[in-house]
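Hi everyone, thanks for coming.

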Amino acid sequence: MAHGTICHDGAVSEARRPHRVVILGGGFAGIETARALERRLGRRTDVEVWLVSADNFMLFTPLLPEVCSGVLEPRHVVTPLRAMLHRASSWAITAEVQAIDLDAQVVTVLGGDGDLHRIGYDSLVLALGAETATFGIRGIEEHAVGMKTLADAFGLRNRVIEMLERAEIEDDPGERQAQLTFVVGGGGFSGVETAGELEDFIHRVRKRYYPKIGDREVRGYLVELKDRLLPEMPSDMGAYAHRKLTGRGYQVLLDTPIKEVAEDHVVVGDGQMIPTRTVIWTGGIRPAPLVGESGVEVDKGGRALVRATMETSRPGVFAIGDCAWIPRPDDPGERAYAPTAQNAVREAKQLAANIVARIDGRELRPFRYETIGTLASIGAYTGVGVVFGIKVRGLIAWFMWRGYYWLRLPGVNRKVRVGVDWLLTVIFGADPVQLKVEDVHSALGSTGRRRPPIRDEPGSS
Ligand SMILES: Cc1cc2nc3c(=O)[nH]c(=O)nc-3n(C[C@H](O)[C@H](O)[C@H](O)COP(=O)(O)OP(=O)(O)OC[C@H]3O[C@@H](n4cnc5c(N)ncnc54)[C@H](O)[C@@H]3O)c2cc1C
């Protein structure tokens, strides 16, 4: 038994303790598993759900590039985890998972109090997602900006505005050119969407607020290793995005690797040096390292290898979302479900059913899902995609993209806030406010931190 409940006298009672499902990660996969479990469990008191995540909110990543352009307020694309859980026996815990002991069935987390806490479990869900992969490219970690977290989008926005501010008063033509050159690495969904949104934003604010910066002075590069943009879509959709971005001033470099990133330049292809002070890296993701460190079987990329039922190599331990390799039933040996939010949400529903089935001693079912389509926004009221097998592009695709993601936003609250943000941007346009928020924790942390003590959470013997 992994844990028991603490009685009033402090003794542990195994008889009445509920089955504890611990979900690690509060992204699309984790929160949807918790919510689907809540729906399935209803008033049952024999199962409790603990959701542990580093942030106390769920980030709606498809709208992240619009935070960067300032179309959306950062707080409007996140939803508090606590607001998404409703059962009395569900808990959201804000803490960073440090270690997973599969033999002892205990997870060790670092809380905001600086202490380590140990949480026992009966069923465990690994939904830790992925992080930006740098593939060992020199200088990326130090000098490039990612597009994966809210801090990334916020940081990129500030960087771009900083460059426009500096360029307005810069006398040195070489430095000025570097400040006004923006390089996006990676031509997949997030790269293309970020490039489109960024160009749209710079175009709007430059004309209105930075009169000393000429139309042709701002340069954009989109650098992709493969031979086309948007490899997730049919090739003519990638070609459409290519044409649109080129028409808006981007130089799209295909079959071109990024070799090195430095503070004031980037080296691409066979050694072409592009002077720039802003490189945005969206070239790839890798699963959260904790997944492999936990001891579950992983593929060579580090994703948990699971059966179609989403069970890992360890009984009672499941994995879903970007950190899992889930085989497609039509071709189980070869292909896995793609790491998308759309898949993660569907996987979560089946996983919740399987967890309850396992607790009740019923048979688990494989995950099966056919995607309804893919849509991407490339800024300037233009989109591209395939929906139910039909290719769409231009304004209609952009409307469909907005409509779909608006409908997928959790709760009326976020839908209203995002809808109002969109409306206000149409009426008042974009603005170049640069909020320089210092990291309060690092400023306070200079007093030196004590070694964190370890605490057992109630019921985690
Ligand atoms: C810019 C961008 C745009 C995208 N657009 C789309 C789109 O249009 N459509 C689509 O389908 N997909 C899109 N995606 C992909 C989509 O975001 C992912 O597939 C999805 O988020 C995967 O969900 P997940 O729950 O597996 O991982 P995540 O959403 O990444 O969640 C993982 C969670 O685990 C937490 N975590 C990680 N490590 C720890 C730790 N040690 N301790 C505690 N918590 C931890 C993280 O904080 C996070 O909350 C986009 C992604 C990006 C970056």
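**Around the ligand**

So, the shell around the ligand takes at least three residues from domain 1 (5-132 + 286-359) and at least three from domain 2 (140-283 + 385-428); those bounds come from an automatic or database domain assignment. Bear in mind that this is a predicted model, where local features need pLDDT of at least 70 and side-chain atom pairs pLDDT 80 or more, while totals for chains, interfaces and linings use all residues. Numbering starts from 1 along each chain as its sequence is written, and side-chain values use heavy atoms, without hydrogens or water.

Which residues come nearest to the ligand? Of the 27 around it, they are Ala29, Thr61, Val97, Asp322 and Tyr405; "around" here means a heavy atom within 4 Å. By type, the shell has 13 nonpolar, ten polar and four charged residues, with Gly counted as polar and Tyr as nonpolar.

Strand E7 (90-101), helix H1 (28-41) and helix H10 (341-359) each give at least two residues to that shell, and E7 has the largest share, with three.

Now the polar contacts, meaning N or O pairs within 3.5 Å. A backbone N or O atom of Val97 sits 2.8 Å from a ligand nitrogen. Polar backbone atoms of Gln342 and Leu128 each lie by a ligand oxygen, at 3.1 Å for Gln342 and 3.5 Å for Leu128.

How many cavities of 30 Å³ or more does the structure hold? Three, a cavity being grid points (1 Å grid, protein atoms alone) where a 1.4 Å probe fits but cannot get out.

Technical notes
A polar contact is a pair of N or O atoms within 3.5 Å; within protein, one must be able to donate a hydrogen and the other to accept it, and residues adjacent in sequence count only if both atoms are side-chain atoms. Helices (H or I, at least four residues) and strands (E, at least two) are DSSP runs, numbered from the N terminus. On a 1 Å grid over the protein atoms alone, a cavity is a set of points where a 1.4 Å probe fits but cannot get out, and a pocket is an open set with protein on both sides within 12 Å along at least five of seven lines; lining residues have an atom within 4 Å of a point. Grid points are joined across faces, edges and corners, and a volume is the space filled by probe spheres set on the points.
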